[in-house]
Amino acid sequence: MFKTIKNALKTPEVRKKLIYTLLLIVVFRLGCFITVPGVNNIALNEAMSSANGVAGLINMISGGAFSRFSIFAMTITPYITASIVIQLLAMIVPALERLTKEGGEEGRKKINKYTKIITIILALVEAIGLFLSYKNAGIFVDNTFMTAVTVIVSLVAGTSILMWLGDQITNKGIGNGISIIIFVGIVSGLPGFATTLWGLMFTESGFSTTGLLLMLGLILGSIILIAAVVFVQQAERKVPVQYSKRVVGRKMMGAQNTHIPLKLAMAGVMPIIFASSFMTFPAMIIQMFVKDIATKTGFWAGVYKFSIATSTSNVGIGYSIGNAIVYLLLILGFTFFYTYATFNPAEVSANIKKNGGFIPGIRAGKPTTEYLSSIISKLTWFGGLFLAIIAILPMLLRFTNLNIAFGGTSILILVGVALETVQQLESQLAMRHYKGFLE
């Protein structure tokens, strides 16, 4: 990885893209410190000092922008949600499915346009919800109509800027822009994680041997977790495929041996994002309409506590255990859903048969479909359970009274984005090498 980065810095074209990406990252981080107009900073600090639950989860992803109620407080989540909506609609609406699979570059542009429209709509709804949630907490200087318009427009504009920054990084920089923004937001929490570890070793009463051992245990556990994530992200099952001799035009093409690479974690981190959104959505809706819901009792208060148990342990052991079980089942379910949405065994089997290929020892057609489905099912079970364990680990860690938000999901996102970015760097260097050879 370091060799790749070193070579990239030596290459003028790639170096320019890296510098451009870094400049946009700086713009993102500066925006995280620009507070929305009309906010009472003293009241904001008091309200956010004890932020947990949904607020704590959003704040971690936003790199602290939410706790400052900056213009980037809503982060890029409306765009992610819009992308998920488009993917789901593409499975239901035939016109969108054709645009996705057969539309080419023009179809991709239309899909991107629809995604941005839905993003603005979702951002507007979320901004209104945030204003309604916090207007009674004294966070705003006043609750007039103009203050509401200013806050809502600022938040929607912030999300639009983030969407633009993501597009610019993807088109002119290095890596996937949206992933890079999420990556930087999580990385900005590393100093806080380091401070927490330091506080374990040096307490008010002096040096703590127990704290040192706990700190070493956390560091060792993080290293093991990173190694496991890298292994699962990179691991793949290669299904061999043979193609017999066939006539293409006026030429006789010889027999070829290739393989289908099936990733162990084909769905990536998307099932965790889906499950987290599904679990925290009821809490976001309830707190918009019920004031001080966290201090109340009753049915809706119970639903709220059950919903936020994904990101806090201050709701009771019963809520946490129930939430963890439902969370695990949702991750498994979304893993199967997303895997089969991106990989269709019947379609792959039909393409192999159409091109005169076959899997050794397996007949073409239905047997090939059943064989691929069996492999995908086993890989998905393993990948889903791994994702569930990664996601639930931070929930277990909270019962140790350690204020550590940097958990397994964060590591999974960081490692995935880092590997993807390095691969793009390598491909950029390879393309330049071939261009130089041809010239």
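Mentor: Helices (H or I, at least four residues) and strands (E, at least two) are DSSP runs, numbered from the N terminus. This is a predicted model, where local features need pLDDT of at least 70 and side-chain atom pairs count only at pLDDT 80 or more, while totals for chains, interfaces and linings use all residues. Residues are numbered from 1 along each chain as its sequence is written, and side-chain values use heavy atoms, with hydrogens and water left out.

Trainee: Which helix gives the most residues to the lining of the largest cavity?

Mentor: A cavity is a set of points on a 1 Å grid over the protein atoms alone where a 1.4 Å probe fits but cannot get out, and lining residues have an atom within 4 Å of a point. In the largest cavity, α14 (317–342) and α16 (366–397) each supply at least two lining residues. With six residues, the top contributor is α16.

Trainee: Which residues are closest to the centre of the largest cavity?

Mentor: This cavity holds about 60 Å³ of space, counted as the space filled by probe spheres set on grid points joined across faces, edges and corners. It has 13 lining residues, and the closest to its centre are L264, A265, M266, T339 and T380.

Trainee: How many nonpolar residues line the second largest cavity?

Mentor: About 30 Å³ of space lies in this cavity, and its lining is made of L24, I25, F28, I169, I180, I181 and V184. Helices α2 and α9 (177–187) each supply at least two of the lining residues. Ala, Val, Leu, Ile, Met, Phe, Trp, Tyr, Cys and Pro count as nonpolar, Asp, Glu, Lys and Arg as charged, and the others, Gly among them, as polar. The lining has no polar and no charged residues, and its nonpolar count is seven.

Trainee: In β7, which residue is the bridge partner of Y243?

Mentor: The open sheet of three strands runs in the order β6-β3-β7, with antiparallel pairing. Strands pair if DSSP finds at least two bridges between them, and β3 (residues 236–243) and β7 have two. The partner of Y243 in β7 is G357.

Methods. 1 Å grid on protein atoms, 1.4 Å probe; cavity = no way out; pocket = protein on both sides within 12 Å on 5 of 7 lines; lining within 4 Å.
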